Amino acid sequence: MVREFKLPDVGEGVSEGEIVRWLVDEGDAVTEDQPVAEVETDKAVVEVPAPVDGTVREILADEGEMVPVGNVIITFDVEGEPVEEETEGEAARAASGEPEAEAEPAGDKGAETAVAADEETATPEGRVFAAPSARRLARELGVDIGAVDGSGPSGRVTEHDVRAAAEGGSEPAAATEASGADAGGSAAGSKGAEGAQSGDGAAGGAGATAEASGAAAGGRQVESADRDRTLAAPATRRIAEEEGVDLNAVPATEERDGEPFVTPEAVREYAQAQQEAQAADTEALAKRAEPAEREEREPYRGIRKTIGDAMERSKFTAPHITHHDQVVVTDLVETRGRLKEKAEDRGIKLTYMPLIMKAVTAALKEFPVVNASLDEENEEIVKKNYYNVGVATATDAGLMVPVVDDVDEKGLLQIASEMNELVQKARDRSIAREEMQGGTFTVTNIGGIGGEYATPIINHPEVAILALGAIKQRPVVEDGEVVARHTLPLSLSADHRIVDGADAARFTNRVKEYLKNPELLLLE
């Protein structure tokens, strides 16, 4: 019995997922709940498990392919149950995908290969093991995959096998191409065509081909003589051979006994012209290839598209305002310096972020409108009495926002420990979807990368986000004198539908107060 496995809804309401990586191959034995694939949905990569004990029968989606939820992505032969020869789905896929491959081979060689393959490459079950990518490649190259000898484990047909089969079948076509060139010219023309086929135009002595490309590229033009018979001294013939030149293509300036006679100088001049034409042709090709190398295209999907959609929704839903400010954090720097060693003794890395999260949470309690969301459907402002702070994290896959829940109920080291763990999970893409949900306010640290002020996009449906610049010494005026002090730039973006500019300024002032006097956090 064949068990079809459909892509499940591995996230909350997702409609499709990208097959990031298959963890099994066709023919592999699997056990129930064994991960068989990694699927990327929304902002997380999750593993999907095998539903049964058995053997992987067929993989139906390529790595990198977007698959709608509910589509069959893999089938299994269930352990202990009879193996079906061919399912209806396989028959349908074979019917839709293979006719071209059967119609394509026209020569005797293709027919022989097909006959041999029927006897040698089919599996005991009558099927051919091959990855989806190999099957797709076979369809693209017009190769009957059933006629390909598999070199992989258990006779699996690999992409290399398909390409080898395609190259073997393409020899007659190449010969036809060459003969086509012959038909248009003399023996010299034929030799030139061969040179063009091999990519070695200079060595091939291609008359017409090299001249045409040379003319197009601005090289020196010497027309091919295109004769059937040429007289030349033995030394001249030796020079022509060394230069890779066909004597019948070299223009003759003399005649002997009524026949064209070629001199060594004529051979060298013709060879030189060919080399120049070849160089000009190479240069022209390089110039034509340059625009393609200056641009690269990659799919806009997965996490990058999710980030983009979220940014677009937030920017065009919430009218943003951004309030910029700066605070002297000399005491914060000293406090963190004292606590850092204590934290390390407990195996916890203490950065400034947990201190800032505590300060932000204390201020949010005083300004609940900043810790809120807007229920547009019911036209209500929802003020949250819990404080889940998101920490924007740059990862190789894009920006992620792990959330530390209930910051107000946790100590500094617990916040640091949880935040460090979540950030690391985001960076290695092992974070769960629910660990990035439920935030009420977000902090983003742009100073870690570089820069002071920004206009951060609100993490909708939250109503505010705080960007931090780098903590470093900057000039500050104190008692009429300019002195160097550690300062922290702040940029608060807020949803202007709910948060007025005055609210943003007052909230920021309160955050500044806590950061300037971190001992106040002991009262929280």
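Since the model is predicted, local features need pLDDT of at least 70 and side-chain atom pairs count only at pLDDT 80 or more, while totals for chains, interfaces and linings use all residues. Residues are numbered from 1 along each chain as its sequence is written, and side-chain values use heavy atoms, with hydrogens and water left out.

On confidence, pLDDT (the predictor's score for each residue, from 0 to 100) averages 79 over the protein chain, and 76% of the residues score at least 70.

The protein chain holds 16 helices and 21 strands, taken as DSSP runs numbered from the N terminus (helices are H or I, at least four residues; strands are E, at least two). Of its 524 residues, 42% count as buried, that is, under 20% relative accessible area, with over 50% called exposed and anything in between partly exposed (1.4 Å probe, protein chains only). Among contacts between residues at least 6 apart in sequence, 63% join residues at least 24 apart.

Four strands make an open, antiparallel sheet in the order 1-8-6-3, where pairing takes at least two DSSP bridges between two strands. Strand 1 (2–6) and strand 3 (29–30) sit at the edges with a single partner strand each, so one side of each has no neighbour in the sheet. Strand 3 runs antiparallel to strand 6 (residues 54–59), and 2 bridges join them; in one of these strands, strand 6, glycine 54 is the bridge partner of valine 30.

Helix 14 (residues 352–366) reaches 22 Å between its end C-alpha atoms, close to the 21 Å expected for 15 residues, the expected span being 1.5 Å times one less than the number of residues. Because 12 of its 15 residues are buried, helix 14 is largely enclosed by the rest of the structure. Among them are Met353, Pro354 and Lys358. At the start of helix 14, a side-chain oxygen of threonine 351 comes within 3.3 Å of the backbone nitrogen of methionine 353.

Helix 16 (residues 501–516) likewise spans 22 Å, in agreement with expectation. Its buried residues include Asp503, Phe507, Arg510 and Tyr514, and their cover includes helix 13 (330–345), helix 14 and strand 21 (481–495).

Notes
Contact = heavy atoms within 4.5 Å. Polar contact = N/O pair within 3.5 Å; in protein donor to acceptor, adjacent residues only side chain to side chain.
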